[in-house]
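Keep the viewer open while you read.

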Amino acid sequence: MSHGPRSGLAAVSAALLAMSRHLEVRDVLKTIVASARELLDAQYAALGVPDDHGGFAQFVVDGVSEEQWKAIGPLPRQHGILAAMLKEARPERLADVRKDPRFEGWPSAHPELADFLGLPIRDGDEVIGALFLANKNCPRQDGRCGFTEEDEELLALLAQHAAIALTNARLYERSRELTIAEERSRLAHELHDAVSQKLFSLRLTAQAAARLVDRDPARAKGELQQVAALAAEAADELRAAVVELRPAALDEDGLVATLRTQIQVLDRAHSARVTFAARGIRALPAAQEEALLRVAQEALHNALRHASAEHVDVTLDRRGPGAVLRVTDDGTGFDPKAIRRAGRHLGLVSMRDRADGAGGRLTVESAPGKGTTIEMEVPGG
């Protein structure tokens, strides 16, 4: 991620702006580390976030390859210089970390470190992380090189802003967790209400069929057909709720791969032809990717379950820094002006809420017998 040294106010400004662009904690940590390493022109940089058990909840490095990192092994414990920075909350600038009496060694695959600069990241009186760099890239005269007092001042400035960025990211993630908890609670209530009503109707219909078996077999057969229909509707409601409750693999696979996989499954499971295409998509903020996925799921469910569509086409295209999702079906369609009825039946209110919550925009085009196109645009980040 580093491309050589940068100096001056412009470099500091670039580092601070880079940190402010991200909301996910992991992204913020990686940006802080990469910015610190580039700003001070070091070979290695790392940032550890302590847990409550003497180790690190997260530990992010820059300058070490994935293969090296895997070979190094488990996350470090809080010992030696790392422990000193976390517990004493003061900077540590050393000409050779290996000669410090607190040095306790490192795994065999660990790169060799010499000159060292480390600072705690503080939120008020709380130390929320430790940021350190090693092996400054500079001409070595008489075998000597290392971080300067100016480097320490620059890193202290960066650490102050890193504390703000990290705290904001934590607040954002907690807010998202609360939102997800509220959404799951809402879905649980919807599942309970919808399936309970179906099961209640199913029980009454089955009881009626049992009473009619001997005296009116034809009517009993009709009632049993209704039982089968109600059971199928209850199963559909349950499957739809399970899809909503199951966390999407966005973090691991990304939006495009996640959508493609789900659409391939739907294409195999339904008689309708379901297709997907993505063009020029870049990574989007997590909230926008999640909203696009949920709107796509809702629109697909409507097209396949309610609109009797024979073909559903899903596209995801880049538009400026953002993206636009389009779900088009050739189903029965509806009158968009009847928004209250359509909103309750097709989940349009939910889709609009998701679009608004992600800073996006939702449009719906439909007419009776003319199919439906649902388009959602998000701004990117």
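Start with Leu-284: leaving out residues up to four places away in sequence, it touches Glu-289, Leu-292, Pro-321, Gly-322, Ala-323, Val-378 and Gly-380, where contact means heavy atoms within 4.5 Å. Leu-284 sits in the loop between β6 and α8. With a relative accessible area of 11%, Leu-284 is buried (buried is under 20% relative accessible area, exposed over 50%, partly exposed in between, using a 1.4 Å probe and protein chains only). Leu-255 is 29 residues away from Leu-284 in sequence, and their C-alpha atoms are 8.7 Å apart.

A word on the ground rules: this is a predicted model, so local features need pLDDT of at least 70 and side-chain atom pairs count only at pLDDT 80 or more, while totals for chains, interfaces and linings use all residues. Numbering runs from 1 along each chain as its sequence is written, and side-chain values use heavy atoms, with hydrogens and water left out. Helices (H or I, at least four residues) and strands (E, at least two) are DSSP runs, numbered from the N terminus.

Now the sheet. Five strands form an open sheet in the order β6-β7-β8-β10-β9, with mixed pairing; two strands pair if DSSP finds at least two bridges between them. β6 (273-279) and β9 (361-366) are at the edges with a single partner strand each, so one side of each has no neighbour in the sheet. On average, neighbouring strands here are turned by 10° against each other, direction ignored. β9 and β10 (residues 372-378) run antiparallel and are joined by six bridges, with Ser-366 opposite Thr-372.

What packs on this sheet? α8 does, touching β6, β7 (311-319), β8 (322-329), β9 and β10, and its direction makes about 175° with that of β10. Angles run from 0 to 180 degrees between N-to-C directions, with axes fitted to C-alpha atoms, for helices over the stretch in contact. Of the 20 residues of α8, 14 are buried, so the rest of the structure largely encloses it.

α10 lies across β9 and β10, at about 150° to β9. Its buried residues are Leu-348, Met-351, Arg-354 and Ala-355. They fall within an arc of 125° seen down the axis of α10, so they line one face of the helix; the arc is taken from the directions from the helix axis to the C-beta atoms. Asp-356 and Gly-357 are exposed on the other side of α10.

The largest nonpolar core has 33 residues, and Leu-259, Val-312 and Leu-325 have the most contacts inside it. Such a core is a set of buried Ala, Val, Leu, Ile, Met, Phe, Trp, Tyr and Cys residues joined through side-chain atoms within 4.5 Å. α8 gives the most to this core, with nine residues. Apart from it lies another core of 28 residues, including Leu-39 and Ile-128.

| Residue | Phi | Relative accessibility |
|---|---|---|
| Asp-41 | near 55° | 16%, buried |
| Ala-89 | about 50° | 22%, partly exposed |

Asp-41 is in the loop between α2 (25-40) and β1 (42-50), and Ala-89 in the loop between α4 (80-88) and β3 (92-94).
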